[in-house]
Amino acid sequence: MHYPQPLLETHDVSMSVAPEAAQCGFPSPAQDYPTEELSLVEHLIRDKAATYFWRAAGRSMEPVIPDRSLLIVDRGITPLPGRIVVAIVDGEYTVKRLQVDSNGRVTLRAENPGYPHLVLPELSEMTVWGVVTFIISPAS
């Protein structure tokens, strides 16, 4: 995993949006021109000051997070069970799904069944660095 990069740009990034949704089922007639602008910052970023980009490395979170995906991570969101988080465990960064049982025992779950979950021993030091809000995956 690479270290985070802050969202330094203060101006918005807008792009043209096609006037209709692209059908994932049966095709529909296409139009040849975009009709509106979409603000990427408005749609992807809740709080610029608390938002960072991380590059994911490894396969433990596949298929949800493919290797080399770009993660948008918000440090201002409460890390609730079930959310994917960037955590620091004993000084090392990791991306996993947060699970907390009824006894308060924390498990960081891998999505890939070929990788073990990280059940935190009682004396482990773990901090949730931030919550993953979006995953931008490379096209396959």
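Which side chains does a polar contact of 2.9 Å join? In this predicted model, the pair turns out to be E62 and R59. E62 sits in the loop that runs between strand 4 (51-55) and strand 5 (70-74). Once neighbours within four places in sequence are set aside, the contacts of E62 are D67, E111 and N112.

Stepping back to the overall layout, the chain has one helix and 10 strands. Read from the N terminus, the order is β-β-β-α-β-β-β-β-β-β-β. Of the contacts with a separation of 6 or more, 56% are between residues 24 or more positions apart. Buried residues account for 26% of the 140 residues. The chain exposes about 9300 Å², and carbon and sulfur atoms supply 54% of that area.

Now for the rings. Searching the whole structure turns up three aromatic pairs. One of them is W54 with Y93, a tilted pair with 5.0 Å from centre to centre and 55° between the planes. This pair ties together distant parts of the chain, since W54 belongs to strand 4 and Y93 to strand 7 (residues 92-100), 39 residues apart. As for burial, W54 has a relative accessible area of 0% and so counts as buried, whereas Y93, at 31%, is partly exposed.

W54 also pairs with W129. Here the ring centres are 5.2 Å apart and the planes stand at 85°, so this pair is edge-to-face. It too links distant parts of the chain: W54 is in strand 4 and W129 in strand 10 (residues 126-136), 75 residues apart. W129 has a relative accessibility of 9% and therefore counts as buried.

Put together, Y52, W54, Y93 and W129 make up one aromatic cluster.

Notes: Residues numbered from 1 in each chain as written. Predicted model: local features only at pLDDT ≥ 70, side-chain atom pairs only at ≥ 80, totals over all residues. Heavy atoms only, no water. Helix = DSSP H or I, 4+ residues; strand = E, 2+ residues; numbered from the N terminus. Polar contact = N/O pair within 3.5 Å; in protein donor to acceptor, adjacent residues only side chain to side chain. Contact = heavy atoms within 4.5 Å. Phe/Tyr/Trp six-rings, centres within 6.5 Å; stacked < 30°, edge-to-face > 60°. Buried < 20%, exposed > 50% of the residue type's maximum accessible area, 1.4 Å probe, protein only. Areas by Shrake-Rupley, 256 points an atom, 1.4 Å probe, with all protein chains shown as cover.
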